Amino acid sequence: MSYITGFLTPVKIENKERYLESARKSWPLFQKYGALEQVETWGEDIPPGKVTGFDLAVKLEEGEAVVFSWLKWPDRATADACWEKMQNDPDFSDMDMPFDGKRMMWGGFQPIFES
């Protein structure tokens, strides 16, 4: 079964096109290391949380949107190998990161149901 790396980050609304361009440039790099799919989503309907919520998770500030994205891999070993190799890949080090990385979160997920 596949493996998913998920990301959640705040992005300034004014940086939407920069973020999209960064995603477009990263896709061939992730593909090179075996990614099967990259999905980037821009938050449109993010209800304010009281106890939990996407806005609270990223400490959303005025003028920002929540971006939820994921990479699909054939398996965890492929994902882990990508993260290891990208540390020394100059193509990754030159990437524009138009978001606050301190408020970004990510993790690896084993799908338990796919259809």
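**Salt bridges and nonpolar core**

With a relative accessibility of 49%, R76 is partly exposed; the term covers values between buried, under 20% relative accessible area, and exposed, over 50% (1.4 Å probe, protein chains only). The model is predicted, so that local features need pLDDT of at least 70 and side-chain atom pairs count only at pLDDT 80 or more, while totals for chains, interfaces and linings use all residues. Residues are numbered from 1 along each chain as its sequence is written, and side-chain values use heavy atoms, with hydrogens and water left out.

R76 takes part in a salt bridge with D80, in which the closest N and O atoms lie 3.2 Å apart. A salt bridge is defined here as a side-chain nitrogen of Lys or Arg within 4 Å of a carboxyl oxygen of Asp or Glu. Both R76 and D80 belong to helix α3 (residues 76-86), where a spacing of four residues separates them by about one helical turn. D80 is likewise partly exposed, at 37% relative accessible area. Helices (H or I, at least four residues) and strands (E, at least two) are DSSP runs numbered from the N terminus.

Another of them joins the side chains of E21 and R24, with an N to O distance of 3.8 Å. These residues are three positions apart in helix α1 (residues 16-32), which again corresponds to about one helical turn. E21 is partly exposed at 35% relative accessibility, and R24 is partly exposed at 48%.

A further salt bridge links D100 and R103 at 2.9 Å, N to O. D100 is partly exposed, with 30% relative accessibility, whereas R103 is buried, at 12%. Through salt bridges with shared partners, E64, D100 and R103 form one network. In general, side chains of opposite charge can pair when their charged atoms come close.

The largest nonpolar core comprises 17 residues, and F30, W73 and F92 have the most contacts inside it. Such a core is a set of buried Ala, Val, Leu, Ile, Met, Phe, Trp, Tyr and Cys residues joined through side-chain atoms within 4.5 Å. At least two residues of this core come from each of β1 (3-12), α1, β3 (64-73) and α3. When neighbours within four places in sequence are set aside, F30 is in contact (heavy atoms within 4.5 Å) with A35, Q38, L71, W73, C82, W83 and F92.
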